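Here's a friendly walk through one part of a protein model. Have a look at it first, then read on.

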Amino acid sequence: MAPKQKITREQLLEVAFDITRKEGFSAVTARSVAKAAGCSIQPVFSPFDTMEALRTATFDYACEHFMYEIMEKKDRPDFIACTSRWVLNLARKEPNLFHLLYLSDSFQGDNLWNVMMGYESNSKMAAVFRESYGLEEEECKDIFLRGYLLLHGIATMIATNHMNFTDDEAAEMVKRTVEDMVAGASGGES
């Protein structure tokens, strides 16, 4: 009799990520992961002590997966625009994953800036943003946060099917708003 194949932590996270993509994060249960992985429930709890540990690891896995996608474009001159379009595309084409990253309890903290800067992609964007617009640190933080909230508001409307902005419309709206904020911070000069 052949030995049973060991299910790895990485395989379980890939399964949980795929379930989230197709059915939503709430569909990630011990039973659904075990069924999709072709195993019993016991191997699910081998690398994860609790369901909460699996759910937290799934969120972290998704963040790492997407940060890699975003950082592939980090040296492009249009890095900020590429990232904005990436967020809009995620909202439009992968609403369950957008919900996991931006609308679930997984994205928590008492200070949005500190939570955001915990991700390399956001730190890189903020640095490019500050340099591109010649902003002081506090101005950058303020304008970057407001632009981020606008972008995610639009993306949320797309993901929840309340509004269907094109990527060009949304990107232009964010760009103009950010340029207006930069002009206001520099006393009317952009």
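Helix 8 runs for 23 residues, and from its first C-alpha to its last it reaches 32 Å, close to the 33 Å expected at 1.5 Å a residue. Keep in mind that this is a predicted model.

Which parts of helix 8 are tucked away? Its buried residues include Cys140, Phe144, Tyr148, Leu151, His152 and Ile154. The buried residues of helix 8 pack against helix 4, helix 5, helix 6 (112-116), helix 7 and helix 9. Just after helix 8, Asn161 takes a positive phi of about 60°.

Follow the chain on and you come to Asn164, in the loop between helix 8 (137-159) and helix 9 (167-185). Asn164 counts as exposed because its relative accessibility is 62%, and the cut-off for exposed is over 50%. Leaving out residues up to four places away in sequence, Asn164 touches Arg92 and Glu169. Ile154 sits 10 residues from Asn164 in sequence, and their C-alphas are 9.1 Å apart in space.

The largest pocket holds about 720 Å³. Its lining has 38 residues, and Ile80, Ala81, Thr83, Ser84 and Met125 are the closest to its centre. Helix 3 (51-71), helix 4 (79-93), helix 5 (95-103), helix 7 (120-133), helix 8 and helix 9 each give two or more residues to that lining. Helix 4 provides the largest share, eight residues.

| Kind of lining residue | Number |
|---|---|
| Nonpolar | 26 residues |
| Polar | seven residues |

Note on methods: Residues numbered from 1 in each chain as written. Predicted model: local features only at pLDDT ≥ 70, side-chain atom pairs only at ≥ 80, totals over all residues. Heavy atoms only, no water. Helix = DSSP H or I, 4+ residues; strand = E, 2+ residues; numbered from the N terminus. Buried < 20%, exposed > 50% of the residue type's maximum accessible area, 1.4 Å probe, protein only. Contact = heavy atoms within 4.5 Å. 1 Å grid on protein atoms, 1.4 Å probe; cavity = no way out; pocket = protein on both sides within 12 Å on 5 of 7 lines; lining within 4 Å. Points joined across faces, edges and corners; volume = space filled by probe spheres on them. Nonpolar A, V, L, I, M, F, W, Y, C, P; charged D, E, K, R; others polar. Expected span 1.5 Å × (residues − 1).
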